Each structure stands twice: as C-alpha cells, then as structure tokens.
Amino acid sequence: MKKWLVILLVLALALLFVISNVSTAAEDKAAKWKPTFDPSGAKYKIIYSNVSHPDIKGVFTGYAIRDELWKRTNGQMYFDYRPFSQLGAEVEVLNQVVTGTIQGMSCSSVAAPTMGPPMGLVNLPYLVDTYEKMEKFAADKKLFGQYLASMESKGVLGVNVTGYGQYGWATTKPVKTLDDAKKVKFRIAPAPVNKLTYQAWGINPVVMPWPEVHTALQQGVIDGLDHTALVCVLERKFEIAKFFTELNYAQGLFIWLVNKAWYNSLPPDLGKTFMDVMNEQCTKMRAETKKQQEDTIATAKKEMGVEFIKLPAKDMETLRQQGKAVHEKYAAEIGPEFLKAVQQLLDFK
C-alpha cells in the first residue's frame, strides 16, 4: 500500500511539474505583449482566454480590446487577456466561462458547437466562406444576433467574431485533384460539422487534437491537415507540409463570448463601453485579416517554398454539391428556418 502511495505521489508531482512548465512557457511567449500601464488599480478585472497566437489579427484583437477599454474607462476595467492556451484547452475553458470561473473567451468556431450546436452554422461548407459574406452576415443584426445568442441558454453571451483565415489542405505531397485527396490521411478537428463534411466528400479523415498534429505529421501518422495558411505558418506546419490546396470552403472564426451573469452585474455605463469596445475592435480586426492572409501566403511561397494549389473547377463544384448534404443533416441543430434565412442572405445555392 505504501509503495502505491509513493508511486501516486511521484506521478502527481510529475504532472504538476509538466503543467507548471507548460503554463510558464505560455506566459513567457505572451511577455512581449504586456500592458504599458499598471493594471493593479482597476476596479473590474476581466480574465479572458484564447488558445492561439496573437500574431494572428483575429487573436491580437484581445490586446487591442485591453488597451482601448483601459483608455475608455479611465483605468476602471482591465481586460486580462490570456492567449497561447494559458488557461487550458478550449472545451475546458468554455466550461469555466459557463460557470463564471472566468469572464470570457474567444472560442474557435470548431469548438463552440460543443456547447452551442447552432454555432456550427459558420463551418457549413461554402456558406460563410468569403470575407465579403462574413461582413454581409455581420451586418444583418437580426440573423447575426440570433447566431450570437446560440449559447445564451447556457448563460453565455456572444458578442462578435474575428477570423484566422480560410480553410484548405496543408499536405506533405501535392493534392491537385479530388482523387489525390482521397489517398491522403487528413487530420480534422474533433467537431461535428467537420466530420459530416468529410463524410459527404467521401474522405476518411483522422480526428485528432491539435497538440498532437505536429508530431503526427513528422512521423507520417498523417500526411495532411485541414486548416488555414495563417495558422500553418505560425504553428510551423509548413516546415513539414510543403503543399497547400486552397479550398476556401469555410473561414476559421473566433467567437467572442462573455459570461452573462457577470456582464449583467456591470454598471450600465461600463457595460455599454465594454460592448462598444469589443464590437469596434472585432470589426476592425476582421477587416485586416484578409490582407494578413494574402501577405502570409506570399511569405509562405517566397520564404518557405510552399506550393499553393487550386483544384480543377469540376472538382470544386463536386465539393460544393456534396457539401449541401451537410447543410441538410445539420439543419436540425441550427434550426431549419434560421439556416434557410442565412442561406438566402448569402445566396447559397
């Protein structure tokens, strides 16, 4: 018995050591974005999470919110932004937002449907696939408002969205046709819409957590992944996968969420300022993401030797047509009438 207790104690200490090192590494990465002001005197502290890298405009948004909110509230509100998964994985942190343990997070559109299935709307193939369609959707206050309200029953408010590029295939061998794609072991996120999409396309993917992807690529467990060029550059995936097939079937989006009870506890004037700043900065950063994607692709081609590929028109049309089945299967999760209204708004055919 004593022997097992010693073993358990050693394992527990080892786990704490690993967690501590991971947390410290993330904090070290974020050091260069520390505020230029002293936040210790703030009356309201807002702990806010994101899993990704603030070199992406849609992630950097949190720092822009922090600085503008500090200025607009005369130092009353400090937006304590924690990117780089400092608070843990998305589903874990999403539960912290629901319980009010932290005040909010910008959650990826692939993880958000685990708590609010209608959030999967933006992942449906070729629906909100371009930057222009995203802005058209965001401009429709009724429909966009209904989308952002998808988690309200869980006590979470959606405020706005930012992006991290358009999805395609990063691969270790060129994928120039749909037939080529069916021979690739693609990694996809563990998200319902993604699974339905690949099923409709006749591709059997590997569902894998993001932290495992780099090693899996290196070892040949997978030879492709479904993601955006922006992320593949910053996360060093193009060091291994030297080909990128531009599908642009969906955008990577972060949905900016806050705990409803916490928000309702704010004085009305500060609550309004908080929402105004978040909406302004999200809208501003969305406008900058398209240019960042273009610049990133140019860098990947010139400096990293990545070949960017477009599928033949007939294969792209096949993906579009097959993707309609995903809309039909996921309609019950979104609400058929709501989905139909968004499809009409964005001219989905």
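With which residue does Asp67 form a salt bridge? The partner is Arg66, and the closest N and O atoms of the two are 2.9 Å apart. A salt bridge here is a side-chain nitrogen of Lys or Arg within 4 Å of a carboxyl oxygen of Asp or Glu. The model is predicted, so local features need pLDDT of at least 70 and side-chain atom pairs count only at pLDDT 80 or more, while totals for chains, interfaces and linings use all residues. Residues are numbered from 1 along each chain as its sequence is written, and side-chain values use heavy atoms, with hydrogens and water left out.

Arg66 is buried, with a relative accessible area of 5%, whereas Asp67, at 37% relative accessibility, counts as partly exposed. Buried means under 20% relative accessible area, exposed over 50% and partly exposed in between, with a 1.4 Å probe and protein chains only.

Both residues also meet Phe37. With its neighbours within four places in sequence left aside, Phe37 is in contact with Arg66, Asp67, Trp70 and Tyr78, where contact means heavy atoms within 4.5 Å. Phe37 is found in the loop between helix 1 and strand 1 (44-49); helices (H or I, at least four residues) and strands (E, at least two) are DSSP runs, numbered from the N terminus. The relative accessible area of Phe37 is 16%, so this residue is buried. From C-alpha to C-alpha, Phe37 lies 38 Å from Glu239, and the two are 202 residues apart in sequence.

Helix 2 (residues 57-72) contains Glu68. Glu68 is buried at a relative accessible area of 17%, and its contacts, apart from neighbours within four places in sequence, are Val277 and Gln281. Glu68 also belongs to a network of salt bridges with Lys71, Arg72 and Glu280. Gln292 is a residue of helix 11 (residues 268-303). At 13% relative accessibility Gln292 counts as buried, and it touches Asp55, Ile56, Lys57 and Leu230, residues up to four places away in sequence not being counted.

The structure holds 18 salt bridges. One of them joins Glu152 to Lys260, with the closest N and O atoms 3.1 Å apart. That pair links distant parts of the chain, 108 residues apart: Glu152 is in the loop between helix 5 (141-148) and strand 4, and Lys260 is in helix 10 (residues 260-264). Glu152 counts as partly exposed at 33% relative accessibility, and Lys260 is partly exposed with a relative accessible area of 28%. Another salt bridge is formed by Lys349 and Asp347, whose closest N and O atoms are 3.6 Å apart; Lys349, at 69% relative accessibility, counts as exposed.

Strand 9 (residues 251-259) is mostly covered, with 9 of its 9 residues buried. In a regular strand the side chains alternate between the two faces of the sheet. Gln251, Leu253, Ile255, Leu257 and Asn259 point one way from strand 9, while Gly252, Phe254, Trp256 and Val258 point the other way, and all are buried. Strand 9 pairs in the antiparallel sense with strand 3 (residues 104-108) over 5 bridges, and with strand 4, also in the antiparallel sense, over 8 bridges. Two strands pair if DSSP finds at least two bridges between them. Leu257 is the bridge partner of Met105, and Gly158 stands opposite Leu257 as well.

In helix 7 (residues 192-200), the residues Val193, Asn194, Thr197 and Tyr198 are buried. They cover an arc of only 130 degrees around the axis, which puts them on the same side of helix 7; the arc is that of the directions from the helix axis to the C-beta atoms. An α-helix has 3.6 residues a turn, so residues three or four places apart point the same way. The cover over the buried residues of helix 7 includes strand 4 (156-171), strand 5 (186-188), strand 7 (224-228) and helix 12 (313-334). Just after helix 7, Gly202 takes a positive phi of about 75 degrees.
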